[in-house]
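Trainee: Please put the model up, and I will ask about it piece by piece.
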Amino acid sequence: MEKIGNEVEVLKQQLREAKRNERLRERERKKNAREKSQREKKEAQDAARRQTDTNDCPGDAGFLPLSWAAAYLPVDKIKNGIIYTTDGRYVKIIEVLPINFALRSPPEQRSILASFLGYLKIAPDKLQFKVVSKKAEVEGYVRKIRSELEQEMDPHCRMLQEDYMRLIKSLGTKEGITRRFFLVFEYSVPGSRDPTDKEIFQYLNNLAWNARKYLSSCGNLVVAPENESRFTVEILYQILNRRTSVSHPLSDRIREAADWYMRENGKDSLARMPAAELIAPKELDFKHAGYVVADGVYHAYLFIP
């Protein structure tokens with residue numbers, strides 16, 4: 001009887017082992033099936049994205065582009081204020097309002113330098129400082145003065161207004177310069193592959209929040225736009241269209257691009273219009289070795305290793 005009891009216990013143990021192994025195998029099969037489903041879903045999304053990129057690419061047999069220069073801009077889309085590039089990078093731009101450092105007292109200057117040094121210590125490895133300078137727009141003031149001048153009857157007042165108009169033109173030509181300052185961040189997490197939109201958004205927004213916190217102690221304010229995507233598109237449009245953007249704001253370019261796509265490619269093409277169409281210059285000249293001409297402005301680049 002004792003021998004039979006031992007054999008029963010062995011059989012029970014073997015049965016338990018078999019059931020446990022079966023559960024493990026079932027769990028492994030479900031895991032493999034889930035991973036296969038995710039791979040197939042990702043492959044389908046990538047294929048759809050490649051097909052969309054192929055159809056949207058200016059110069060292909062798909063849409064007729066507004067600007068052929070859009071094909072040279074590595075911008076896939078702009079979402080939540082983040083630039084998704086065609087080579088798999090994710091970039092965010094913030095604007096910083098400057099302060100007049102020279103007017104601060106020596107203790108304040110030392111405090112500002114210390115705060116800025118503290119930020120550089122925790123700043124991301126991939127960080128760019130961008131300064132955009134352009135001449136002040138004085139044509140509106142000149143037109144207003146000229147309009148008032150036509151209605152002025154007193155010759156002495158007319159003389160003063162003419163002097164004032166010449167002064168405005170002189171300052172606008174020689175000294176009237178406006179500058180905008182930007183910080184550019186890039187998503188960079190070692191070992192991270194195929195991050196989700198949520199992970200990208202949280203990472204880049206955290207970098208922007210750190211910059212805002214440290215720079216506020218320097219006296220600088222970071223611009224908080226209501227629509228970050230529109231803000232980002234407008235920055236890129238002004239940088240790439242230095243001359244056109246002065247007389248034609250982004251709203252004009254959006255209207256022009258929408259009208260073109262509806263007329264040339266059909267109403268359904270608006271949903272698939274590449275983001276690069278909204279920011280690409282009408283003219284882009286790569287024919288010269290020493291410089292590039294974009295929107296009538298000459299650009300030269302120097303690499304410092």
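Trainee: Where is Asn80 found?
Mentor: Strands are DSSP runs of E with at least two residues and helices are runs of H or I with at least four, both numbered from the N terminus. By that numbering, Asn80 is found in the loop between β1 (75–79) and β2 (82–85).

Trainee: Which pLDDT do local features need?
Mentor: Residues are numbered from 1 along each chain as its sequence is written, and side-chain values use heavy atoms, with hydrogens and water left out. This is a predicted model, where totals for chains, interfaces and linings use all residues, side-chain atom pairs count only at pLDDT 80 or more, and local features need pLDDT of at least 70.

Trainee: Is Asn80 buried, partly exposed or exposed?
Mentor: Asn80 has a positive phi of about 55° although it is not a glycine. Buried means under 20% relative accessible area and exposed means over 50%, with partly exposed in between (1.4 Å probe, protein chains only). Asn80 has 40% relative accessibility, so it counts as partly exposed.

Trainee: Asp295 also has a positive phi of about 55°. Is Asp295 buried or exposed?
Mentor: Asp295 is not a glycine either, and it lies in the loop between β8 (292–294) and β9 (297–299). Its relative accessibility is 10%, so Asp295 counts as buried.

Trainee: What is the bridge partner of Asp285 in β8?
Mentor: β7 and β8 pair in the antiparallel sense over two bridges. In β8, the partner of Asp285 is Val293.

Trainee: How many of the residues of β3 are buried?
Mentor: β3 (90–97) pairs in the antiparallel sense with β2 over three bridges, and with β5 (177–186) over six bridges. Strand β6 (residues 221–222) also pairs with β3 in the antiparallel sense, over two bridges. β3 is mostly covered, and of its eight residues the number buried is seven.

Trainee: How far apart are the end C-alpha atoms of helix α6?
Mentor: The expected span of a helix is 1.5 Å times one less than its number of residues. Helix α6 (residues 228–240) has 13 residues, so it should span 18 Å. The computed distance between its end C-alpha atoms agrees, at 18 Å.

Trainee: With which residues is Asn210 in contact, leaving aside its neighbours within four places in sequence?
Mentor: Asn210 lies in helix α5 (residues 197–216) and, at 18% relative accessibility, counts as buried. Contact means heavy atoms within 4.5 Å. With those neighbours left aside, Asn210 touches Tyr119 and Ile122.

Trainee: Which helix gives the largest share of the nonpolar patch?
Mentor: Phe116, Leu117, Leu120 and Phe129 make a nonpolar surface patch of about 370 Å². Patch residues have over 30% relative accessible area and no salt bridge, with like charges joined within 9 Å and nonpolar side chains (Val, Leu, Ile, Met, Phe, Trp, Tyr) within 5 Å; areas come from the Shrake-Rupley method with a 1.4 Å probe, and for residues only the protein chains shown count as cover. A salt bridge is a side-chain nitrogen of Lys or Arg within 4 Å of a carboxyl oxygen of Asp or Glu. Three residues, the largest share, come from helix α2 (residues 106–122).

Note on methods. Pairing = 2+ DSSP bridges.
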